[in-house]
Amino acid sequence: MTQRMTGHVALVSGGGGEIGGAIARRFASEGASVLIADISAEKANAVAKSIADAGGRAAGLAVDVGEPGQCERAARDAVLRFGKLTVLVNSVATVTPDGKVEDIALEDWERALKINFTGMFLMCKYALPQIRASGGGSVVNIASSHGHFALHGRVGYCSTKAGIHHFTRVLALDYGTENIRVNSISPGPIDTERSLRRYGTRENSNRIRGPGQALKRTGTVEEVANAALFLASEEASFVTGADLRVDGGQTIWKREEPASDGV
Ligand SMILES: NC(=O)c1ccc[n+]([C@@H]2O[C@H](COP(=O)([O-])OP(=O)(O)OC[C@H]3O[C@@H](n4cnc5c(N)ncnc54)[C@H](O)[C@@H]3O)[C@@H](O)[C@H]2O)c1
């Protein structure tokens with residue numbers, strides 16, 4: 001078995017979730033120690049237990065990324081428990097009501113910004129000094145294909161995800177000389193339990209959502225985790241400021257275009 005994360009300590013915010021959990025498990029299976037931070041202690045602990053059951057090293061921690069003190073504690077806690085911090089993954093996103101800008105309540109707009117975007121700022125703010133003190137490492141921010149193209153009625157979500165792309169580039173520039181790489185991942189439609197509840201089965205999900213991608217299918221959380229592993233590992237040692245689209249080719253074409261008759 002390869003051990004591409006041996007010697008690494010990773011902090012995964014939103015690590016109790018489906019994509020964050022898959023990343024935490026993948027990192028641990030490659031030798032990393034992982035602190036799983038999630039607003040739900042129950043979900044964080046469940047992922048930590050699944051890693052421990054598989055022979056890996058992990059712990060869960062209740063963290064609200066909207067609270068600066070809790071973000072600072074998470075970064076310190078990773079070092080206290082595992083001796084250092086070399087990788088931060090930000091995988092939190094909140095759910096806010098859809099609607100046009102004039103219909104969305106200010107509180108919902110502010111909540112999307114606070115949890116999806118300021119939460120990432122706070123986690124970076126407190127994790128980066130610990131990563132620097134550990135000799136360097138990397139940050140992987142989970143954005144979305146919806147940061148590349150617009151969706152009707154999703155101004156909060158889409159705007160925060162587009163913001164993450166540029167936030168990532170600026171941090172990559174600011175920390176490049178300190179041996180810290182910063183990249184983002186933009187997943188396309190990924191089959192999670194939530195989407196499978198909506199579509200019933202993976203086959204149904206692929207039938208309905210698959211045609212939107214060049215690969216004609218939806219993705220899996222493991223496929224996102226593989227991309228995160230690449231970006232966090234030494235294999236990506238010359239990659240920083242990048243956004244890796246793990247979207248099956250969703251964002252490379254414009255579906256609405258009718259078949260060309262050559263005109
Ligand atoms: N699932 C997809 O198809 C898809 C596609 C593109 C992008 N993404 C992005 O991937 C990331 C993870 O998505 P997911 O599908 O795993 O969702 P998820 O809901 O399973 O995971 C999100 C996790 O964040 C946690 N969380 C929510 N608010 C928090 C807070 N204030 N502080 C700390 N933790 C908090 C939740 O408890 C949850 O465990 C998100 O950023 C999402 O936007 C998902």
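How far is an oxygen atom of the ligand from an N or O atom in the side chain of aspartate 38? I looked this up in what is a predicted model. The distance is 2.6 Å.

I went on to tyrosine 157, where an N or O atom of the side chain lies 2.6 Å from an oxygen atom of the ligand. I then took the area: the ligand alone exposes 830 Å², and 88% of that is buried by the protein.

**Entry: the shell**

I counted 25 residues around the ligand. The closest are Ile19, Asp38, Asp64, Tyr157 and Lys161. Sorted by class, the shell holds 12 nonpolar residues, 7 polar ones and 6 charged ones.

I also asked which helices contribute to the shell. Helix α1, residues 18-29, supplies at least two of the shell residues, and so does α5, residues 155-175.

**Entry: α1 against α2**

Having α1 on the list, I checked how it packs with α2, which spans residues 41-53. The two axes come within 10 Å of each other, and they cross at roughly 25°. Angles under 35 degrees count as roughly parallel, so I noted α1 and α2 as roughly parallel to each other. What is the handedness of the crossing of α1 and α2? I recorded it as right-handed.

Terms used
Residues numbered from 1 in each chain as written. Predicted model: local features only at pLDDT ≥ 70, side-chain atom pairs only at ≥ 80, totals over all residues. Heavy atoms only, no water. Near = heavy atom within 4 Å. Polar contact = N/O pair within 3.5 Å; in protein donor to acceptor, adjacent residues only side chain to side chain. Areas by Shrake-Rupley, 256 points an atom, 1.4 Å probe, with all protein chains shown as cover. Helix = DSSP H or I, 4+ residues; strand = E, 2+ residues; numbered from the N terminus. Nonpolar A, V, L, I, M, F, W, Y, C, P; charged D, E, K, R; others polar. Axes fitted to C-alpha atoms, helices over the stretch in contact; angles between N-to-C directions. Parallel < 35°, antiparallel > 145°, perpendicular 65-115°, else oblique. Left-handed = near helix turned anticlockwise from the far one by under 90°.
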